[in-house]
Amino acid sequence: MTQMTQLQSAPMPSAATRLDFLPIAVFAAFAVAPFLASSSGAEGYVLSLLTRVMIFGLAAMSLDLILGYGAMVSFGHAAFFGIGAYAVGILASHGVEDAIIQVPVALAASALFAALTGAVSLRTKGVYFIMITLAFAQMLYFLASSLAAYGGDDGLTLPSRSLVAGSGFLDNDFALYGATLACLLGAYMVSRSIVGSRFGRVLRGTKENAIRMEAIGFQPFHFQLATYVISGMMAGLAGCLLANQAEFVSPAFMTWQRSGELIFMVVLGGLGSLHGAIIGAAAFILLEEFLPEIVHAATFFLNDDLRSRLTENWQMVFGPILILIVLFARGGIMGVLRRGSHG
Amino acid sequence: QEKLKIGLLLTLSGPSAVLGQHARDGFQLAVKDLGGKLGGRDVEVVVVDDELKPDVAVTKVKGLLERDKVDFVVGPIFSNVAVAAHKPIVDSKTFYISVNAGPSNLAGKSCSPYFFATSYQNDQNHEVLGKVAQDRGYKKVYLLAPNYQAGKDALAGFKRHYKGEIVEESYVPLNTLDFQSELAKIASMQPDAIFTFMPGGMGVNLVKQYRGAGLADRIPFLSAFTVDETNLPAQQDAAIGMLSGSNWAPNMDNPQNKKFVAAYEAAYNAVPASYAMHAYDAALLIDSALKATGGKTEDKDALRAAIKKADFNSLRGDFKFGANGFPIQDFYLVKAAKRPDGKLETEVVEKVFDDYPDAYAKECAITN
Amino acid sequence: MTATFFFIQVLNGLQFGLILFLIAAGLTLVFGVMDFINLAHGVQYMVGAYLVAAFSAWTGSFGWGLLLALPSALAFGLLLEALIFRHLYDRDHLDQVLATFGVILFLNQAVKFVWGAAPLSVPMPEILSGSVEIMDGLLYPVYRLAIIGAGLLVAALLYVLVSHTRVGMLVRAGATNAPMVSALGVNIRRLFMIVFGFGAMLAGFAGAMVAPILSVQPGMGDNILILAFVVIVIGGIGSIRGAFLAALLIGLVDTLGRSFAPNLLRLVLDPSAASQTGRALAPMLIYIFMAAVLFFRPSGLFPAKR
Amino acid sequence: MLSVRNLQTSYGAAQVLFDVSLDIAAGEVVTLLGRNGMGKTTTIKSIMGLLRPHSGEIRFDGTPVTRLAPFKIAQTGIGLVPEGRQIFPTLTVEENLVATAASRTGKRRWTLDAVYELFPRLRERRSNLGTQLSGGEQQMLAIGRALMTNPKLLILDEATEGLAPLIRAEIWSCLKRLRDERQSILVIDKNVDVLSSFADRHVIIEKGRSVWTGTSAELVADPGIKERYLHV
Amino acid sequence: MASSLLELRSLQKAYGAIRVTDNVNLSVRPGELHAIIGPNGAGKTTLIHQISGILSPDSGQILFDGEDVTHLPMHQRVRRGLARSFQITSILPAFSALENVALAVQARSGSSFRFFGKVAQESSLNEAAMEYLNVVGLGPRARVMAGLLSHGEKRQLELAVGLATQPKLLLLDEPLAGTGHEESLRVIETLKQLKNRITIMLIEHDMDAVFSLADRVSVLVYGRVIATDTPEGIRANEEVRAAYLGEEEIA
Ligand SMILES: Nc1ncnc2c1ncn2[C@@H]1O[C@H](COP(=O)(O)OP(=O)(O)OP(=O)(O)O)[C@@H](O)[C@H]1O
Ligand SMILES: Nc1ncnc2c1ncn2[C@@H]1O[C@H](COP(=O)(O)OP(=O)(O)OP(=O)(O)O)[C@@H](O)[C@H]1O
Ligand SMILES: CC(C)C[C@H](N)C(=O)O
Ligand SMILES: [Mg+2]
Ligand SMILES: [Mg+2]
C-alpha cells in the first residue's frame with residue numbers, strides 16, 4: 001500500500017469544514033439584505049428581485065436533491081412551479097385566498113403529480129428519463145394553456161397576495177421576503193438532513209450503481225420515487241411563492257425553457273451540494289438582470305450605436321460566460337470555491 | 001428641472017423581438033423628432049426586455065418603478081405581459097401606456113384610470129375582417145388560429161360581425177411551422193374565404209405555403225397581425241394582395257405620417273409597422289399631456305385629464321380616448337402591396353369603421 | 001373526408017417526419033454515437049438556414065446558395081468543435097448541456113445582430129416550385145417531394161456509413177471508450193472532429209432545405225431541437241434506424257392527430273366538447289405518444305445494446 | 001527496443017510511480033511483477049501515454065515517445081491488452097477485431113482467420129456484441145484485438161485473468177510460440193511460476209519503484225526475492 | 001431446514017439459438033462450499049444471474065431455503081439471505097471503501113427510510129463495516145475512495161460487501177480474479193473460515209483455490225451440468241479434463 005494515496009483523503013475533511021461556512025454565509029446574506037434594501041431607495045424592486053432569487057433557489061435546490069444526489073435529471077421540474085402557482089391562482093379565483101388552504105393543496109397536488117409521473121418515469125434512465133419528464137411537463141403546460149376559465153395562455157392576475165390565517169400581511173414586500181426566506185431555510189435544512197441520513201446514503205448509492213444497491217438488498221425505485229415526491233413538493237412550494245411574488249399565474253411558468261433554466265442553475269452552481277444550487281440560481285438571475293447594464297458600462301469606449309446594440313443583445317455576452325464557466329470552472333461555482341479553499 | 005424618465009417594457013429577445021424593436025425605434029424616433037424633449041423636459045428612456053416571460057416582466061417593472069423611478073411605463077407588445085405588469089404599475093399610480101397589447105379585461109372589468117392604449121383593443125382588427133367578410137357576402141369562411149388566448153380572442157372578434165357559415169374553426173399549436181395539412185383541408189373544403197391570425201414567423205410560413213399551394217388566387221386570405229411590415233420582408237411577393245385589418249397603414253395620406261415613415265425608413269432601413277406608429281403616438285401623447293401640465297407629473301389627476309384630451313396629431317388621423325383609456329378611432333381594410341421602390345407595405349383599401357369604440361368599454365366602471 | 005384527403009395528410013406526415021429526421025440524424029450521430037449532448041444542434045440548423053438565405057441573396061440562386069451553405073456549415077461546425085466542444089467530450093452530460101446552452105444564447109442573438117430580428121425569406125428554386133399530380137386529383141408540391149427524397153437519401157447514406165464502414169465502427173467504439181481506441185493507434189480526436197463537422201453539416205443541410213418553405217428567424221431551432229430529441233429518444237439513442245422510424249411516426253401522429261382527432265372524438269363526445277378536447281389534446285399528442293412508447297420500451301424502439 | 005528511465009507518475013495529487021526503469025530488447029519477453037496496487041498498471045498506462053509521467057523518459061526503437069498522444073505511441077508499434085479487458089461493448093466481436101486492425105510490423109502475421117484459429121470460441125460468437133460475451137470470452141477478444149494491430153511489442157496486463165485453465169495453457173503456449181517468432185512481449189500476470197518458465201527477464205515493482213531486475217534463472221535461484229517482494 | 005439450501009430444477013435459459021442454461025438441476029447443501037467450474041462461456045455467470053435475480057430463467061424453478069424464489073425481485077432475495085459478488089467489479093466508486101461496506105450493513109439493520117440523523121456517524125454501522133474490511137485485508141484502506149483502489153483491491157472490496165449482507169448463501173463469481181498471490185492466499189484463508197458459518201457457491205478458474213476449498217464441485221459445459229462430485233472425483237474425471245482442466249495445471 002502506498003502511503004501517498006492514503007494521504008490524499010486526509011485534506012478532504014478540513015476543506016469540507018471550511019466550506020460549511022458557505023451556506024451560513026449565504027443565508028446570512030439573505031437575512032441582512034432587506035436592511036440594505038430599505039436604504040437603497042428602491043426596496044420594492046430589490047426585495048422583489050431577491051425574493052425571486054430565493055424562489056428560484058428553492059426550486060433549483062429541490063432539483064439538486066434529485067439530480068445531484070439521485071442522478072434523476074428532470075427536464076420537467078418547472079411543472080411543479082406551475083402546479084404550486086395554479087393551486088394558488090385557481091383557489092384564489094374561487095375565493096379561497098388563505099395560504100393555510102392553498103399551500104397544503106399545492107403540496108398535495110405536487111406530491112400526487114410527482115408520484116404518478118415519477119412512478120412511470122422511473123422505469124427509464126438517463127436521457128430517457130430526461131425526456132419523459134419533459135413529456136409530462138409539456139402535457140401539463142398545454143393543459144394549463146387550454147384552461148380558458150383560468151385565463152388560458154394569458155394567465156390570471158391574483159386579486160391580492162395570499163392571506164395567512166386571515167391576515168393580509170404578505171402584501172408587505174418585507175413579509176413576503178421573510179416568508180420566502182423561511183421556506184428556503186426550512187427546505188434547506190430538511191434537504192440537508194435527508195442527504196446525510198440513512199435514506200440519503202441509499203439515494204447516493206443508487207446514483208452511483210443501482211444494480212449494486214439491489215444486490216445488497218435495497219429497492220432503488222422506492223428511494224428514488226420518495227425523493228422525487230419530496231423534491232416535487234418543494235418545487236410546488238416555490239410555485240406558490242412565485243405566484244405571490246408576481247401576483248400573477250401563467251402557463252409561461254412551466255415552459256420547457258424554464259425547466260431548462262432550473263437545470264442550468266443547478267449545474268452553474270455545482271451539483272450535489274444543495275447550497276450550490278441556490279448560489280447558481282442567484283448567479284443566473286442576477287446576471288440576467290444586470291448583465292445588460294454591466295455590458296453597457298463595460299463598453300464605454302464604443303460608439304453609442306454599437307454600444308446600445310450590444311447592450312440589447314446582452315445574451316451574446318451571457319452565452320460565452322456560461323461556456324467559459326463550464327470550460328474553466330469545473331464543477332460550477334462550488335467547484336471553484338472548493339478548489340479555492342484547497343489552495 | 002429633473003429629466004423625465006420613461007420606461008419602455010418590450011419584448012426584445014426571442015423570435016418575436018422584431019415587434020419590440022419596431023416599438024422601441026418608433027418611440028425613440030419621436031423623442032428625437034421632438035428634440036430630445038417631451039413636454040419641454042429632457043427625456044431619459046430606459047429600455048428593458050421582458051423576454052416574453054410575465055414573471056420576469058413583473059420584476060423588471062418593479063425595477064423601472066422603484067430603481068429608475070420612471071414617470072411613465074410604455075409597452076408592452078404581448079397581452080400576457082401586459083396583464084402581469086398591470087398590477088404593480090397601476091398600484092404605484094404610474095401611467096401605463098400600451099403600444100400594442102389591448103387585452104379585453106384591461107378594457108373592461110379591470111380597467112384602470114392609469115392605463116391608456118395608443119393601439120386598440122385586441123379584438124378590433126379582427127372585427128374589421130368579420131365586417132368585411134359579412135359585407136362582401138362570403139357564405140362560408142374557414143377560420144384558423146394558434147391555440148392560445150389571443151388566437152381564441154381573434155376568432156371571437158371576427159365572429160362579432162360575421163354571421164355566415166363557419167365551415168371550420170381550426171386551432172393549430174402555437175409555433176406551428178408547417179401548415180401543409182391545414183392547407184389540404186382548406187383546399188378540400190373550398191370555403192369562400194379564410195380568416196386567420198398568425199403573428200410572427202407562423203404568419204410568414206402560412207402565407208408562403210398558402211401561395212405555394214396555389215390557394216392564394218382561388219380563396220381570399222383575410223388576416224390580422226399576419227401580413228404586416230414586420231413579416232412582409234420575409235413573405236415577399238407571396239403576400240401581395242392579401243387583406244388585413246388595421247387602424248393605420250404606412251401610406252396613409254397625412255403630412256406627419258409621411259414624415260414619420262420617411263424618417264423611420266431612413267433611420268432603421270425598414271418600413272415601419274403599426275407597433276412603431278403606436279409607440280410614436282405614445283411619445284406624442286406624453287408630450288402633449290406634459291405641455292398641458294407645464295411639465296409637471298406630480299398632480300396625477302391633472303396629468304390624467306391632460307392625457308385624456310389626447311391633444312396631439314396622431315399619425316393615423318382621428319384619435320380620441322374612450323372612458324376606459326382605449327382609443328376611439330377609424331379602422332381600415334388594408335392590402336399588402338409592392339411600392340415603386342420595391343419595398344413591401346400595407347396600403348389602405350377602404351375605411352370599414354368610423355370612430356369605432358371597443359366592445360368592452362361598457363364593462364369599465366370608470367366614468368370621468 | 002375522402003381517401004385522397006387522407007392520403008395527402010399521410011404524405012404531409014411523412015414529409016414533416018423526414019424534415020425531423022434530417023435534423024435528428026445529425027443529433028443522433030453526435031449524441032448517440034459520440035455520447036455528446038449537443039443542444040446547439042438546433043442553432044446549427046438555424047445557421048444553415050441563415051447561410052442559405054445569405055448566399056442565395058448574394059448569388060441570386062437557391063442552388064448556389066445551398067452549394068455554398070453546406071461547406072460553410074461544415075466549417076462553422078468544425079470551428080465550434082475546435083473552440084468549445086472538443087474540450088467537453090470527456091465531461092459530464094450536464095456540463096455539455098450548460099455549455100451548449102451558452103452557444104444557443106450566443107448564436108440566437110448573434111444572427112439577430114448580423115441579420116436583424118425580422119424573419120428572412122429564401123426564394124424557392126424555380127424548377128422545384130409548383131405541384132405535380134401524383135394520382136387522380138392529388139396535387140402535391142414538388143419541393144416537398146424533394147424534401148422527402150433528400151430525407152430518404154440521407155437516411156440510406158447514414159445507415160451504410162455507421163453500420164457498415166470501419167469509420168462507423170471506430171466512432172461507435174470511441175463513443176464508449178475513447179482512450180482505449182486511442183491506445184490501439186487511432187486518432188480519435190480527429191475522428192470525433194470529422195463526425196461532429198458532419199453532424200453540423202447535416203443540421204445545416206436540414207435548415208437550408210426548409211428555408212424556402214419556413215421563415216428564417218432567430219430562435220427557429222429551439223422548438224425543433226426538442227422535437228428532434230423526442231425523435232431520437234423514441235427511436236432509441238444511437239440508432240439511425242430508430243431515428244428514422246421515430247421521425248416518421250412523430251410526423252404521422254402529429255399531422256394525422258391534428259386533422260382527425262376532433263373527428264374521432266366526435267364519435268364519443270358532442271361536437272363542441274369534441275373540438276375543445278381535440279384542441280387541447282392536439283399539441284400534447286406527441287408527448288403522450290413519447291410517454292407511452294417509453295412506458296412500454298424504456299430505452300426506445302431500437303435500444304442501443306450496451 | 002523499449003527503454004523506460006526513472007518514470008514518475010501521479011494521479012492528481014497522489015504520486016504512484018516514484019522511480020521505474022525497465023528495458024526490453026527486440027525479441028525479448030519481460031515480465032512486470034509486484035503485489036496488488038504497487039503500480040504495474042500505472043507503469044503500462046504511462047508507457048502508452050494514457051497517463052502523463054511528470055518526469056522520466058520513454059524511448060521506443062530509439063525515438064523518444066514520452067508524452068506523445070496514445071495513438072501516436074501505439075502507431076510506433078505497441079499493442080496493448082489492457083487490465084479489465086475494455087472491449088468495445090457496442091461492437092460485435094468481429095468489429096472489435098477489425099476496427100483497429102493494422103500492420104505495424106509491415107507483415108500481416110495476425111489476420112482475422114489467425115485470431116479465430118487461436119480462439120475458436122470467438123469465431124462462434126463473431127456476430128455477438130461485446131457485452132454479450134462471457135468474462136473469459138471478452139479476455140480472448142482483448143488479446144485478439146491487440147494481436148490484430150500486429151505490434152512490434154505486445155503488452156499484456158493480466159491477460160489470463162478469468163480464463164479457464166485449458167485456455168490459459170493455450171495462451172501460454174501461444175506466447176511461447178510468439179517468443180519463438182521473436183515477438184517482443186511485456187507481460188503482467190500473477191502466475192509467476194509459469195512466467196519464469198518462459199520469460200527472459202523480470203522486473204519487480206514495489207511501491208512505485210523498480211526494485212529488482214534479473215533473468216528467470218536468477219529469480220528461480222533466489223527464493224528470497226520472491227518471498228521478499230511477492231510474498232510467495 | 002430443508003436438506004438443500006438452494007435447489008435448481010430444470011432451469012432453462014437461451015439467447016436465441018444458444019442454450020446458455022440447459023436443463024440445469026443442482027442442489028447446494030446447507031453449510032457446504034459448492035464450486036462451479038467450466039470453460040469460458042459455459043454459462044456460469046448466467047446461472048448466478050438467474051439465482052440472484054438479475055436475469056429470469058425461461059423455465060424451471062429456483063428454490064431457496066425451501067421457498068420458490070424464481071420470480072422474486074433481486075432485493076427480496078437478498079433480504080432472504082442470498083447475496084452475490086460480481087465477476088465484473090461492481091462497487092460504488094465515489095464512496096469510500098468503508099461506506100461501500102457500511103451501506104451493505106445498513107441494508108440488514110433497520111429501516112433505511114430514516115430522513116434524519118447523520119448516517120456517517122452511526123458507529124454501529126461503521127464498526128461492523130470495519131470488521132468486514134479487516135477480514136478481507138482492506139482495513140488500512142477504509143477511507144480511500146473505492147474508485148481509486150487498484151484492481152485487486154476492488155476485488156477484495158467486492159468480497160467484503162458480499163459478506164456484509166450477512167447471507168445464508170453467498171454466490172461468488174471469480175473472487176480471485178485479479179487478486180495477487182498474497183491476496184489470493186488471504187481470500188482463500190478467509191473463505192476457509194467462513195465455510196463453517198455460511199453456505200458458499202463459488203465460481204473460480206483458479207484450480208488451487210477450488211480444490212483446496214470445495215466440498216463438492218459441479219462442472220458446467222455448454223450450459224449443461226456434466227458432473228457433480230467431490231474434488232477428487234472431478235480431478236479424476238476424464239471428460240472434465242478434456243473439456244476444461246487440461247493437463248498442465250493439475251501437476
Ligand atoms: N485513477 C486513480 N486515481 C488515483 N489513484 C489510483 C488510480 N488508479 C490506481 N490508483 C492507485 O495507484 C496505485 C497503483 O495502482 P496500479 O493499478 O498501478 O496497481 P497494480 O500494480 O496494477 O495493481 P493490481 O495488481 O491490483 O492491478 C494503487 O495504490 C491505486 O490505489
Ligand atoms: N445478452 C446475451 N445475448 C447473447 N448471448 C449472451 C448474452 N449474454 C451472455 N451470452 C452468452 O452466453 C454464454 C454464457 O455466458 P456466461 O457469462 O454465463 O459464461 P461464464 O460461464 O460465466 O464464462 P466465464 O468463465 O468466461 O466468465 C456466453 O457464450 C455468452 O456469449
Ligand atoms: C403581437 C400581437 C399579435 C400580440 C397579441 N396582441 C397578444 O397579446 O398576444
Ligand atoms: Mg493492475
Ligand atoms: Mg463468468
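**View 1. Right-handed crossing of helices H2(C) and H8(C) in a predicted model.** The crossing of H2(C) and H8(C) is right-handed, a crossing being right-handed if the near helix is turned clockwise from the far one by less than a right angle, and left-handed if anticlockwise. The contact (heavy atoms within 4.5 Å) involves His41(C), Gly42(C), Tyr45(C), Met46(C) and Ala49(C) on H2(C), and Met220(C), Gly221(C), Ile224(C) and Leu225(C) on H8(C). By class, these residues are six nonpolar, three polar and no charged; Ala, Val, Leu, Ile, Met, Phe, Trp, Tyr, Cys and Pro count as nonpolar, Asp, Glu, Lys and Arg as charged, and the others, Gly among them, as polar. H2 spans residues 41-59 of chain C and H8 residues 220-235, and their axes come within 8 Å and cross at roughly 130°. Axes are lines fitted to C-alpha atoms, for helices over the stretch in contact, with angles from 0 to 180 degrees between N-to-C directions. H2(C) and H8(C) are therefore oblique to each other (under 35 degrees is roughly parallel, over 145 roughly antiparallel, 65 to 115 roughly perpendicular, the rest oblique). Helices (H or I, at least four residues) and strands (E, at least two) are DSSP runs, numbered from the N terminus.

Conventions: the model is predicted, local features need pLDDT of at least 70, side-chain atom pairs count only at pLDDT 80 or more, and totals for chains, interfaces and linings use all residues. Residues are numbered from 1 along each chain as its sequence is written, chains are lettered from A and ligands numbered from 1 in the order in which they are written, and side-chain values use heavy atoms, leaving out hydrogens and water.

**View 2. Packing of helices H10(B) and H11(B).** The axes of H10(B) and H11(B) lie 12 Å apart, at an angle of about 115°. The two helices are therefore roughly perpendicular to each other. Their crossing is right-handed. H10(B) contributes Lys259(B), Phe260(B) and Tyr264(B) to the contact, and H11(B) contributes Ala276(B), Met277(B) and Tyr280(B). Five of these residues are nonpolar, none is polar and one is charged.

**View 3. Pro272(B) in the loop between H10(B) and H11(B).** The loop holding Pro272(B) runs between H10 (255-268) and H11 (274-293) of chain B. Pro272(B) counts as buried because its relative accessibility is 0% (buried is under 20% relative accessible area, exposed over 50%, partly exposed in between; 1.4 Å probe, protein chains only). Apart from neighbours within four places in sequence, Pro272(B) is in contact with His22(B), Glu229(B), Trp248(B), Pro250(B), Phe260(B), Val261(B), Tyr264(B) and Glu265(B). Ser188(B), 84 residues away in sequence, is 37 Å from Pro272(B), C-alpha to C-alpha.

**View 4. Val101(E) and the covered helix H3(E).** Val101(E) sits in H3, residues 97-107 of chain E, and counts as buried at 0% relative accessibility. Eleven of the eleven residues of H3(E) are buried. They pack against H9 (198-208) and H10 (210-215) of chain A, and against H2 (74-79), H4 (123-136) and H5 (151-164) of chain E. Contacts of Val101(E) beyond four places in sequence include Ala129(E), Tyr132(E), Leu157(E) and Ala160(E).

**View 5. Magnesium ion (ligand 4) and its protein donors.** Thr41(D), through OG1, and Glu83(D), through OE, are the protein donors, lying 1.9 Å from the magnesium ion. Donors are N, O and S atoms within 2.8 Å of the metal (3.2 Å for Na, K and Ca); water is not among the atoms, so sites may look incomplete. The pair links distant parts of the chain, 42 residues apart: Thr41(D) is in H1 (residues 40-48), and Glu83(D) is in the loop between strand S6 (78-81) and H3 (93-99) of chain D. Thr41(D) and Glu83(D) are both buried.
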